[in-house]
Amino acid sequence: MTATIPKTTRERLYADCPHRCYLCGIPLAHVNWPGTVRPCGPGGWTPIDGHEFVQIDHINPRARGGSNKPENLALCCGPCNSKKGART
């Protein structure tokens, strides 16, 4: 069931995203988005206050037949992605 989302698709999502979780609206953090993270230890990063690290969510979950096509993917925060699970 595991299939990797192509790098070009991930990069496009990151570039086109409004940098907010599509479910709750919290600001998202990514190491390539200036002002959203700060260094933490050797080679590590931590989100700045009020931000959550970005995750890619399948709008229609893979467990329910969803695909890795860009139109089925959205960026969200970790808490929302975990809470949503395999629901649509």
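Me: What is the order of the three strands in the open sheet?
Reply: Keep in mind that we're looking at a predicted model. The open sheet has mixed pairing, and its edge strands, β1 and β5, each pair on one side only.

Me: Do β1 and β4 run parallel or antiparallel, and which do β4 and β5 do?
Reply: Strands of a sheet can pair through backbone hydrogen bonds in either fashion, parallel or antiparallel. Here, two bridges join β1 to β4, and that pair is parallel. Five bridges join β4 to β5, and that pair is antiparallel.

Me: Which residue in β4 is the bridge partner of leucine 28?
Reply: Let's look along the β1 and β4 pair, which is joined by two bridges. Alanine 29 stands opposite phenylalanine 53 in β4. For leucine 28, the partner in β4 is glutamate 52.

Me: And in β5, what is the bridge partner of glutamine 55?
Reply: Now we hop over to the antiparallel pair, where five bridges join β4 to β5. Follow glutamine 55 across into β5 and you land on cysteine 76.

Me: Which element gives the largest share of the largest nonpolar core?
Reply: That core has 14 residues, and those with the most contacts inside it include Trp33, Val54 and Leu75. The elements giving two or more residues to the core are α1, β4 and β5. The largest share is four residues, and the element behind it is β5.

Me: Which residues does tyrosine 14 touch, leaving out those up to four places away in sequence?
Reply: Tyr14 is one of the residues with the most contacts inside the largest core. Several others from that group turn up among its neighbours, including Trp33 and Val54.

Me: Is leucine 23 buried, partly exposed or exposed?
Reply: Leucine 23 sits in the loop between α1 and β1. Together with Tyr22 and Ile59, Leu23 forms a nonpolar patch on the surface, with about 250 Å² of accessible area together. The relative accessible area of leucine 23 is 42%, so this residue counts as partly exposed.

Me: Why is proline 39 called exposed?
Reply: Proline 39 belongs to strand β2, residues 37-39. Not counting residues up to four places away in sequence, proline 39 touches Gly44 and Trp45. The cut-off for exposed is over 50% relative accessible area, and proline 39 is called exposed because its value is 62%.

How values were computed. Residues numbered from 1 in each chain as written. Predicted model: local features only at pLDDT ≥ 70, side-chain atom pairs only at ≥ 80, totals over all residues. Heavy atoms only, no water. Patch = residues over 30% accessible without salt bridge, like charges linked within 9 Å, V, L, I, M, F, W, Y side chains within 5 Å. Areas by Shrake-Rupley, 256 points an atom, 1.4 Å probe, with all protein chains shown as cover. Salt bridge = Lys/Arg side-chain N within 4 Å of Asp/Glu carboxyl O. Buried < 20%, exposed > 50% of the residue type's maximum accessible area, 1.4 Å probe, protein only. Core = buried A, V, L, I, M, F, W, Y, C linked by side-chain atoms within 4.5 Å. Contact = heavy atoms within 4.5 Å. Pairing = 2+ DSSP bridges.
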